[in-house]
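Here is a short tour of some aromatic pairs and a helix packing. Have the viewer open as you read along.

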Amino acid sequence: MPGIFLSYRNIERSYAPMLVDRELSRRFGPENVFQAGRSNLPAVHFPTEIDRRVDECDLLIALIDPPWVGEDLPLLREPGDWVRREIARALGQGKRVLPVLLDGAEMPRTAELPADIAPLTRNIALRMRARTVDTDLLRLIGEVERLVPELVLVTLMDPAPAKNVGGPALLRAEHQVLPFRHRGELDLLAEWCSAPAGPPVKLLVGALGAGKTRLGLRLAAQVRGSGRPGGLLSVTAPAECLDRLGEIGSPCLVVLDDAEARPAQVRAALRSLAAAPQAPARLLLLARSDGDWLDDLRDDADDAVADLVDSIVPLPLAPLRPAEEDFATACGAFARRLGLPLPSLPSDRPETPTLLELQAAALTHVLSPHTPLDRPLRRILGLERAYWRTAGTAFGLPVPSDRVLAEVMATVTLFGADSEPEADGLLTSLRAFRGGPVHAVDSCRDLLRTVLPGPAPLNPLQPEQLAQEFVAEFLDSDHRLADLLDGVSDNQARRALGNLGRCLERHPRISGPVEDFLAAAPGRLLPLALTVLASLPRPELLVSAMSGALDRTPQDELPAVVDALPLRSDALARFAVDATERALGARDADAGDFTTARLARRLSVRLTYLGERPSDAVEAARSAVRALTALTVGEPAPVESVAAGQGSVDAELAEAHAALALALDLDPSSRDEAVAAGETAVARYRALPDGDRHGAALATALHNQSIRLRRVRAMPAAFAAATDARRLVEPLHTERPTRFRSLYADVLDNLSIVTHLTGHPDEAERLGREALALRRALAAARPDAYRSQLAGTLFNLGLLLTENERKGAEVGQLWDESLSIYDALSVVRPGHYDAPRDRVRAHLDRRKADHDD
């Protein structure tokens, strides 16, 4: 265990030892700071203990006051002097020794000190004075964090759970009441942790109740058992404290549970590890899925982070099913933990789908042997409510009604609080405390800290499945969450939306109350809901409630919703069209202002992305082009100021022409017009100032234009556009490969086809193989987003090779792989991939028929 040893001459003549001990103990924990006056226990052999503590420490801080280098120097020349012995032992073992000069003390000269501690004078010292002690202590803490980053890691870990808890808290994974059942994934992860090299990050994914947290706890315990730091990262750990994870010089393990809901911590840890690829630290992420939240990290502006995320291969964890003997084992374990007699077991083991529900049934049976064991989570909630009422009386609160209890516990579980002001705002907004005495809120807060313990001012009911059961019952009872909105921060509202989104997966019946909550303040809550979708295993459930709330959104709140929408999202594709169309409909279509034109352009892009209503997509793009053209040539129009970050009118006009070309692409009869619109878009992009955004946009426009020209058989022009697109995107891909890999693969894929059609088969094959390699890398990292494109490139490369008889077998392999991908995708999205799948199958059938002939 990393630690700090404080070396000083006399604790009674200086404020420093006790003050430094207090501040370092507060920051790193008293167990990690040795100060002899506090840490030594009676009957301990002093010399042995001092030697042991020096041997175990990672850093010795030598507190040097003026007498230390004056009248006390003769003491240092005594072989048995304790200060000399401590420093000499640390220096002899090569440990870090930090001198701190107190109140004007100066470092002694090397010749003044005995040889075994003389090297101390070569260490750079910090200074500490009484008048600047607060600033000096902060500097000391920062230096300790720099010298021993392992200490930062230790302080970030969740503490061991209290042993004197009862009730549903015992169902939480960290209490580990039920004996751990060995799983093969543990061996794989243990091997990864102990390997001297390899990927620094692993991702374990599994459904709620699959046992991810328990597995992470077990792995961390094994790591600690081998003498290395390891544990679950606290949800309250500041993200910036993870900036030094890559600096830790010894092997360690950080387990980050619910990673999908903790993006700031995950990003900070990844950034630190990406900057130190040889660091021995290991980061284990636990999440319910590897969906949009991981995609967001793959698009990180730091390419080192994006590449690190690209290398993550999720390890799936299947839920453990209850075994025949688990109920009896759990009953015995709970009885022992609670100090209760073990009741006789029922003749029939309760049928439960998950281990958590089996444990809930066992706990119910131990606490109340005559209670029916059906619906164990609901039975546990009944026992918990009784406990809350009893505890409330002990805190001087009047016996609360079930309705008041439900309101307090459910809202605290949903919204939580990261600060005392947030806690006060939430509690005072509850119906039970409106207009009541202040001491009632204080007593309630004390009660909540007792019955719902945790690191934050207000903590949720745990475990999560029990909390979701409780919240669903609460919302079934016609409670209105909207009444609390004035008393909660955006951070609390965001947390509530995430909790509700996860609750919808198990309790879809609450979709109506969730929609009502969103509709109470859609301009505020819908943009917040967009930020939590990436963390949800099934975001479409919350999106459905959002769509219902959108129907009830006032017109003046629609722009805030549209501005918060991401550019691309499968889950939000239809919602984005609906929101944008409503916002556009609320404006004067003939106004010709910038905002209306931008909304029209966005609507066109979103309709094209869906592949629906092509005529509406075209008309929206035409409307945007007309309005923006008028603004650029100075025709009378109410020009609005263009907000920072929205781009210039010229840039928006280039994008509008590009959107028009893409919309026209949906109609085969409009190919000539699409080519003309694409040519205009390219010209507009070329006229814009240089820059990453415009360079990539121009490359995209050229690539799309090349495909249009290829379709109308204008091969020289198609080849020129494709070559130009490659010239622009290649350096972008070289500089930032993760961000531009997909675009580069698109460009190479098309260029290979055009090159082949212009009579250069060997170069076409080389380009096609390069595109395929990129497609495989993309599909391996994000199969949900890039498998269809991989299937298309496999088919295209097969077409390029059909004229080479020696490569006929490879053609068949490429097309077989392409068809298998399309078949798999068609299961997920029936009908969507029929056309490309039928095309591949037709070519395979034709090839087989030719071979049969």
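Predicted model: local features only at pLDDT ≥ 70, side-chain atom pairs only at ≥ 80, totals over all residues.

## Aromatic pairs and a helix crossing

Residues are numbered from 1 along each chain as its sequence is written, and side-chain values use heavy atoms, with hydrogens and water left out.

The structure holds 4 aromatic pairs, meaning Phe, Tyr or Trp rings (for Trp the six-membered one) with centres within 6.5 Å; planes under 30 degrees apart are stacked, over 60 edge-to-face and the rest tilted. Two of these pairs are set out here:

| Pair | Centres | Planes | Type |
|---|---|---|---|
| Phe-5 and Phe-34 | 5.1 Å | 25 degrees | stacked |
| Phe-415 and Phe-517 | 6.2 Å | 85 degrees | edge-to-face |

Phe-415 in helix α16 (residues 402–415) and Phe-517 in helix α21 (residues 511–520) are 102 residues apart, so that pair links distant parts of the chain. Helices here are DSSP runs (H or I, at least four residues), numbered from the N terminus.

Now to the helix packing. Helix α13 (residues 326–338) packs against helix α14 (residues 355–367) at an angle of about 50 degrees, and their axes are 8 Å apart. The contact residues comprise 13 nonpolar, 2 polar and 1 charged.

How values were computed: Axes fitted to C-alpha atoms, helices over the stretch in contact; angles between N-to-C directions. Helix = DSSP H or I, 4+ residues; strand = E, 2+ residues; numbered from the N terminus. Nonpolar A, V, L, I, M, F, W, Y, C, P; charged D, E, K, R; others polar.
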